[in-house]
Amino acid sequence: MQLIDIGVNLTHPTLARDPRAVLDRAYAAGVGQLVLTGTSLAESEAALALCRELDESRQRLFCTAGIHPHEASQWTSETADRLKALLGEPEVRAVGECGLDFNRDLSPRAQQERVLEEHLQLAMETGLPLFLHERDADQRLVDILRPVRDRLSAAVVHCFTGEKRALYAYLDLDLHIGITGWICDERRGTHLQPLVREIPATRLMLESDAPYLLPRTLRPKPKGGQNEPAFLPEVLREVARHRGVSLGELASTTTACAQQFFAMAPLEPAEQG
């Protein structure tokens, strides 16, 4: 049983201290392929470098390249050119992390929207899918995406935490949905438990968002409370429980979905152990 983690922040200092050990633990837990998240130019470049350094087979590690909405105020006239160059690299499989965050508002909303539109243009030019971030901004995100949706190859709302209204709006736009350990959080994630049944199997993917969002149902809890891709099977278990399917079925469908979305070839048998 193989899983794919579509969103891990391997460049984060807490994971980057020993990324090879993090990956070894993930592989041992059945997480065979991973997508490293790029959240700024520097982090996108670092994610690409890790893919090349740590994946001799060129089958296991891929990455995204983009500017997180928190970093939107850092966008300059040179950013689009540098980002487009990154998006041409074979390991880079999606545009993002990009989107809107009206929860923390670390960049002005108008600037977040302008930078999102820059990413949409890059996605349309390159044909790559979008890796989207959204907090407290679902209606505005839908309004921006709808007029250009037929010119985008695909898009995933990563780390979906919204309500039924947002989920249905995203599904109506034929977007994919990424589910994290948020669903394991009894304080704020229980609303996701019935909602995951509504996501078509062809549009559901799993992610750790490590080192964030340690599944609170995980036992025993790791020292330090830091999440890792190796804990993705806990998200699998929780999602499977609420969808009423077996672990094997959910692993198979989410893996197939991620491989299609990110244009990943299945692992060769020799790489699966």
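Student: Why is His158 called buried?

Tutor: The relative accessible area of His158 is 4%, and buried means under 20%, so His158 qualifies. The model is predicted, and the value is computed from that model.

Student: Where does His158 sit in the fold, and what does His158 touch?

Tutor: His158 is in the loop that joins strand E6 (155–157) to helix H7 (164–172). Not counting residues up to four places away in sequence, its contacts are Glu97, Phe131, Leu132, His133, Gly178, Glu207 and Asp209.

Student: How do you know whether His133 is buried or exposed?

Tutor: Its relative accessibility is 11%. The cut-off for buried is under 20%, so His133 counts as buried. His133 is part of strand E5 (residues 130–135). With neighbours within four places in sequence left aside, its contacts include His68, Glu97, Asp101 and His158.

Student: Which other residues does UniProt mark as "binding site"?

Tutor: The unreviewed entry also places that feature at Glu97 and Asp209. These are spread over 113 residues of sequence but cluster in space, the largest C-alpha distance being 11.6 Å. The lining of the largest pocket includes Glu97 and Asp209.

Student: Why does Glu97 count as buried?

Tutor: Glu97 has 4% relative accessibility; the limit is under 20%, so the label buried applies to Glu97. Glu97 lies in strand E4 (residues 92–101). Among its contacts beyond four places in sequence are Thr37, Thr64, His68, Phe131, His133 and His158.

Student: And why is Asp209 called buried?

Tutor: The relative accessible area of Asp209 is 11%, and with buried set at under 20%, Asp209 is therefore buried. Asp209 is found in the loop between strand E8 (204–206) and helix H9 (232–243). Leaving aside neighbours within four places, Asp209 is in contact with Asp5, Gly7, Asn9, His158, Cys159 and Thr180.

Student: What makes Ile177 buried?

Tutor: Its relative accessible area is 0%. Anything under 20% is buried, so Ile177 is too. Ile177 is in strand E7 (residues 176–179), and its contacts outside four places in sequence include Val156, Leu167, Tyr170, Ile199 and Met205.

Student: How do you know that the buried residues of helix H2 lie on the same side?

Tutor: The buried residues of H2 (residues 19–28) are Pro19, Val22, Leu23, Ala26 and Tyr27. Their arc around the axis is only 135°, so they are on the same side of H2. An α-helix has 3.6 residues a turn, so residues three or four places apart point the same way. The buried residues of H2 pack against helix H1 (13–16), strand E2 (31–36), helix H3 (41–54) and strand E3 (61–65). After H2 comes Gly30, which has a positive phi near 95°.

Student: Why are helices H6 and H7 called roughly parallel?

Tutor: The axes of H6 (residues 138–145) and H7 cross at roughly 10° and come within 10 Å. Angles under 35 degrees count as roughly parallel, so H6 and H7 take that label. The contact is made by Asp138, Leu141 and Val142 of H6 with Arg165, Ala166, Ala169 and Tyr170 of H7.

Technical notes:
Residues are numbered from 1 along each chain as its sequence is written. This is a predicted model: local features need pLDDT of at least 70, side-chain atom pairs count only at pLDDT 80 or more; totals for chains, interfaces and linings use all residues. Side-chain values use heavy atoms; hydrogens and water are left out. Helices (H or I, at least four residues) and strands (E, at least two) are DSSP runs, numbered from the N terminus. Buried means under 20% relative accessible area, exposed over 50%, partly exposed in between (1.4 Å probe, protein chains only). Contact means heavy atoms within 4.5 Å. The arc is that of the directions from the helix axis to the C-beta atoms. Axes are lines fitted to C-alpha atoms, for helices over the stretch in contact, and angles run from 0 to 180 degrees between N-to-C directions. Angles under 35 degrees count as roughly parallel, over 145 as roughly antiparallel, 65 to 115 as roughly perpendicular and the rest as oblique. UniProt positions are given in the numbering used here, feature names are shortened, and annotations may be inferred rather than shown by experiment. On a 1 Å grid over the protein atoms alone, a cavity is a set of points where a 1.4 Å probe fits but cannot get out, and a pocket is an open set with protein on both sides within 12 Å along at least five of seven lines; lining residues have an atom within 4 Å of a point.
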